[in-house]
Amino acid sequence: MGRGRFRTVLTVLAVWSVLAGAALVGAAPASGAQGAVQIAPGVKYTQFDIPAAKGMAHAHVIDVDLRNPRVGVDLMHPGAVAARAPVSQLADGRGAVAGVNGDFFNITEVQHPGVEATGASVGPAIASRRTLKAAVPDGQRFGPALPPATSTKDVLGVGADRRARLDSLALDGFVRTSESRLPLGGLNQYALPVGTVGAFTSDWGSVSRVRATCGTDTDRAAPCSADTYEVTVKDGRVVSWSDTPGSGPIAYGTTVLVGRETGAQQLRKLSLGERVKVRHRLVAAASRIPYRFVVGGYPVLRDGQPLAGLDNATSAVRTAAGISDGGKRLTLLALDGAPEFRTGLTIAEVATTMRQLGSVDAFSLDGGGSTTLVAREPGAAAVSVRNHPSAGAERPVPNGIGVFSRP
């Protein structure tokens, strides 16, 4: 992984207690760091040490200049929402020159014995302008506690204007029959709000949909619902139903509706052959520009200021993304998980670090064993893992941010 190559050490002139409140003295943006290596036009890689409250951390950074017309970013994923793959495999499968892991995800189901973990991500996801999924309820997320005033709907994305931004995406959808119009509570989600109906499309994959009816909006560990119903809609008509959510691939053009509690009771009113229209879209809170890609996580820095209430006690290996230059520069950071650096950073320290790298806005992605940064060596045909994953090997993840270079 070549930690000794292209290595830069952050110069610090004060103890961490001063740094956390003010600045990482001597820290330069990745674009200007000594030893930065260009891996493609407009894409640079560097690494450096960060003195932190609980020990030295080591950062790997990809700097992406979105002004360069040859550079693009997109969501990497395994081809289904409910699927996982290592970041290096996702990158090589799409031909990316660099990338990091993405959103937090449904990693385990120890709280619901016998229920299959889906591997699906927490927040909204858009890849190549295609909407893949919406956000699960806040209480159903996996990962550390959300900072105040944030939610599972928060995203980092790049719009059709090639500018990166932070936003929030909410699901707007309905199921319409000849007699009623039901609001849609979910789209390809591993957890549905209590009492709602969720839509599952071919983008979901083959994994069981039972998990969508487990837990509540505030308690992920709550039992699975005893009142469920599933309806399959093909070519605009009801073609089958079941008392329990099923599994297996969903054909393109087919939608499986899963209801729990009140939602299940509403779906039971549908008859075989009945006409049903299902519509859904993600609505942005802050931007009217269509998104090319979005990934879930949560903000830690807005307008150059760390969010209030960020955790400054729990250190861990982290992945983050930062935005600068009016959305025209994207900075991807992944900490090293080697034993000598494994104490990592607190979320508050991540916000400070991203600010000192020049970011005006910053976003926390999944960390711990998921944290992975890959990049191609100049002239190489495939990416290599640049950090040491803390588990000793890459963890399969549901998605990631890919960096692409066009000829």
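## Strands 6 and 23

In this predicted model, strand 6 (residues 98-101) pairs with strand 23 (residues 373-376) in the antiparallel sense, and three bridges connect them. Ala-98 stands opposite Ala-375 in strand 23, and Val-100 stands opposite Leu-373 in strand 23.

Strand 23 also pairs with strand 24: three bridges join the two, and they run antiparallel. Here Val-374 stands opposite Val-385 in strand 24. Strand 23 and strand 24 form a hairpin with six residues between the strands. Within this hairpin Gly-379 takes a positive phi near 90°.

In general, strands of a sheet pair through backbone hydrogen bonds, in either a parallel or an antiparallel arrangement.

## Strand 22 and its partners

Strand 22 (residues 361-365) pairs with strand 18 and with strand 20. Three bridges join strand 18 (residues 298-302) to strand 22, and the two run antiparallel. In this pairing Leu-301 stands opposite Ala-362 in strand 22. Strand 20 (residues 319-324) is joined to strand 22 by five bridges, again in the antiparallel sense. Ile-323 of that pairing stands opposite Asp-361 in strand 22.

Five of the five residues of strand 22 are buried, so the strand is largely enclosed by the rest of the structure. Asp-361, Phe-363 and Leu-365 point one way from the strand, while Ala-362 and Ser-364 point the other way. Residues on both faces are buried, and this includes Asp-361 and Ser-364.

## Helix 4

Helix 4 (residues 347-356) has nine of its 10 residues buried, so the helix is largely enclosed by the rest of the structure. The buried residues are Ile-347, Ala-348, Glu-349, Val-350, Ala-351, Thr-352, Thr-353, Met-354 and Gln-356. After helix 4 comes Gly-358, with a positive phi near 100°.

## The disulfide

The structure holds one disulfide. The bond is formed by Cys-214 and Cys-224, with their sulfur atoms 1.9 Å apart. The link is right-handed, with 85° about the S-S bond. Both Cys-214 and Cys-224 lie in the loop between strand 12 (197-200) and strand 13 (228-234), so the pair ties together parts that are 10 residues apart in sequence.

The two cysteines are described by separate accessibility values. Cys-214 is buried, with a relative accessible area of 0%. Cys-224 is partly exposed, with a relative accessible area of 29%.

## Annotated domain

The unreviewed UniProt entry carries the annotation "domain: Phosphodiester glycosidase", which covers residues 229-404. In the model, the end C-alpha atoms of residues 229-404 lie 42 Å apart. This span is 9% helix and 40% strand.

## Whole chain

The chain contains four helices and 25 strands. The radius of gyration is 22 Å, close to the 22 Å that the globule rule gives for 407 residues, so the chain is as compact as a globular protein of that length. Along the principal axes, the C-alpha trace spans about 70 × 45 × 35 Å.

Of the 407 residues in the chain, 57% count as buried. Among contacts with a separation of 6 or more, 72% are between residues 24 or more positions apart.

Notes
Residues numbered from 1 in each chain as written. Predicted model: local features only at pLDDT ≥ 70, side-chain atom pairs only at ≥ 80, totals over all residues. Heavy atoms only, no water. Pairing = 2+ DSSP bridges. UniProt positions renumbered as here; feature names shortened; annotations may be inferred. Disulfide = S-S within 2.5 Å. Buried < 20%, exposed > 50% of the residue type's maximum accessible area, 1.4 Å probe, protein only. Rg over C-alpha atoms; globule rule 2.2 N^0.38 Å. Contact = heavy atoms within 4.5 Å.
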